[in-house]
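Q: I am new to this structure. Can you walk me through how to read its features?

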Amino acid sequence: KATISEIVNSTLSLKPIQICVKKQEITERLGIIYGKTFLDLGEEVVEQLLKELVEEGSLDIEEGGYITSLTDMRLPSELTHLSELILKFSKNAHLFPFSADTIWKFHERKVEKDQIKKVLNYLRAKKLLVRVNDGRFLNIEALEEIKRRIIEVVEQKGIFTIQDCKSAFGYGRTVAVPILEYLDRIGFTQRTDEGRIIKK
């Protein structure tokens, strides 16, 4: 497991804008390190090890592959300006989630969408953005503000419902549900039959 973490870490450190490391690449590297004997054990072993590393919090699943929060990524100088533009955009978006497509259209399609995606994932790995679902992101400060607003509602009425989204965030169910589900996944809230409560 330590070797797998090191493979992911070193790969992303050497290729700072690579979004993730795929299972196949990890398996191939393990085969080089441990030889044919390891590969003869079968893919199920790698699957199990990866699953355990995700459960332990050592790895995250991203874009169908794996990343680690230990990665010391550096952004190539030609993408530094794009990184600054995206961070500024994320702050102006405030509580509204956005995607690579949103930024691409905002900048009149003058920047390659793939470059935007890579920088978004770089900023996520640096914990400046969070990815709520399906390639939609929020600035980390916006997420904290959303948490504060949910806490306020729960303190007032004991629960947070879908009907509270419009007054709390300024948008309705369609935009809010993926964010609420993300907060459930990270253990901030817990969904009940009546609505959501703050998880102790």
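The dialogue below takes up pockets, a helix and salt bridges in turn.

A: Gladly. Keep in mind that this is a predicted model.

Q: How do the residues of the lining of the largest pocket divide?

A: Nine are nonpolar, three are polar and six are charged.

Q: What about the second largest pocket: how much space lies in it?

A: About 170 Å³. Among the residues that line this pocket are Phe160, Ile162, Arg173, Glu181 and Arg196. Helix α10 gives the most to the lining, with three residues. By class, the second largest pocket is lined by three nonpolar, three polar and six charged residues.

Q: Back to α7. How many residues has it, and how far does it reach?

A: Compare the span of a helix with the span expected at 1.5 Å a residue. Helix α7 has 13 residues. From first C-alpha to last it reaches 18 Å, close to the 18 Å expected. After α7 comes lysine 127, with a positive phi near 65°.

Q: Which residues of α7 are buried?

A: Look for a relative accessible area under 20%. In α7 the buried residues are Ile116, Val119, Leu120, Asn121, Tyr122, Leu123, Arg124 and Ala125.

Q: What covers the buried residues of α7?

A: The cover includes the strands β1, β2 (65-67), β3 and β4 (136-139). It also includes the helices α5 (77-93) and α6 (100-106).

Q: How many salt bridges are there?

A: Look for a side-chain nitrogen of Lys or Arg within 4 Å of a carboxyl oxygen of Asp or Glu. By this rule the count comes to 13. One of them joins the side chains of aspartate 60 and arginine 124, at 3.8 Å from N to O. This pair links distant parts of the chain: aspartate 60 is in strand β1, arginine 124 is in helix α7, and they are 64 residues apart.

Q: Is arginine 124 buried or exposed?

A: Arginine 124 is buried, because its relative accessible area is 17%. Aspartate 60 has 30%, so aspartate 60 counts as partly exposed.

Q: Where do lysine 147 and glutamate 144 lie?

A: An α-helix has 3.6 residues a turn, so residues three or four places apart point the same way. Both lysine 147 and glutamate 144 lie in helix α8 (residues 140-157), three residues apart, about one turn of the helix. They form a salt bridge, with the closest N and O atoms 3.4 Å apart. Lysine 147 is buried at 16% relative accessibility, whereas glutamate 144 is partly exposed at 32%. Elsewhere, salt bridges that share partners join Lys1, Glu52 and Glu56 into one network.

Q: Are lysine 110 and glutamate 108 buried or exposed?

A: Lysine 110 is exposed, at 66% relative accessibility. Glutamate 108 is exposed as well, at 54%. Their side chains meet in a salt bridge of 3.2 Å, N to O.

Methods
Residues are numbered from 1 along each chain as its sequence is written. This is a predicted model: local features need pLDDT of at least 70, side-chain atom pairs count only at pLDDT 80 or more; totals for chains, interfaces and linings use all residues. Side-chain values use heavy atoms; hydrogens and water are left out. Ala, Val, Leu, Ile, Met, Phe, Trp, Tyr, Cys and Pro count as nonpolar, Asp, Glu, Lys and Arg as charged, and the others, Gly among them, as polar. On a 1 Å grid over the protein atoms alone, a cavity is a set of points where a 1.4 Å probe fits but cannot get out, and a pocket is an open set with protein on both sides within 12 Å along at least five of seven lines; lining residues have an atom within 4 Å of a point. Grid points are joined across faces, edges and corners, and a volume is the space filled by probe spheres set on the points. Helices (H or I, at least four residues) and strands (E, at least two) are DSSP runs, numbered from the N terminus. The expected span of a helix is 1.5 Å times one less than its number of residues. Buried means under 20% relative accessible area, exposed over 50%, partly exposed in between (1.4 Å probe, protein chains only). Contact means heavy atoms within 4.5 Å.
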